[in-house]
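Please open the model in your viewer and keep the sequence beside it; the stops below are meant to be selected one after another.

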Amino acid sequence: MQERHALCVERVVVAVVLALVAVGVAAVIQRRQRPDAPAGRTYAVPLQVDRADFESPEVPWLVAVFTSATCTVCAGVWERARPLESAQVAVVEIEYSTARGVHDRYGIDAVPTSLVIDPDGVVMASWVGPVTATDLWAAVAEAREPGSTPDACH
């Protein structure tokens with residue numbers, strides 16, 4: 001009788017172990033079959049531009065703000081960028097309905113898109129969407145004089 005009881009207990013233990021293994025294998029398979037999280041939309045930003053495509057190509061630095069008349073966020077970005085205008089920094093708005101060719105040439109597919117551009121047309125900093133005045137101003141300062149901002153220490 002004891003022998004039969006021990007055999008039953010042994011079978012139960014084996015069944016429990018097999019069930020746990022099956023659950024573990026199922027969890028691993030499920031984890032591997034889970035679809036990847038959807039990737040966020042990314043927007044193209046040019047790495048270089050032809051300064052002749054923009055107003056004031058003779059001014060060493062350029063802040064280009066690509067906008068649309070129907071974009072409410074664009075107006076705020078443009079207002080934050082305008083005070084950067086100086087003898088060394090040209091600030092231009094490239095509004096979609098009046099400069100669609102420039103938007104198309106550089107693949108701008110979202111507004112506002114803001115670029116800080118050096119004298120050779122190299123894009124030194126960029127943002128798609130809203131940008132704070134602090135970030136915009138710091139990027140211009142850092143582009144003009146590397147190491148001039150606290151973030152440059154990182």
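A polar contact is a pair of N or O atoms within 3.5 Å, where within protein one must be able to donate a hydrogen and the other to accept it, and residues adjacent in sequence count only if both atoms are side-chain atoms. This is a predicted model, in which local features need pLDDT of at least 70 and side-chain atom pairs count only at pLDDT 80 or more, while totals for chains, interfaces and linings use all residues. Residues are numbered from 1 along each chain as its sequence is written, and side-chain values use heavy atoms, with hydrogens and water left out.

Select Arg51 first, in the loop between α1 (2-33) and β1 (61-67); helices (H or I, at least four residues) and strands (E, at least two) are DSSP runs, numbered from the N terminus. The side chain of Arg51 reaches the backbone oxygen of Asp118 at 3.1 Å.

Look for Thr67, which stands opposite Glu95 in β2.

Finally, select Leu84 and, leaving aside neighbours within four places in sequence, find its contacts (heavy atoms within 4.5 Å), which include Val63, Val89 and Trp137.

Technical notes: Two strands pair if DSSP finds at least two bridges between them.
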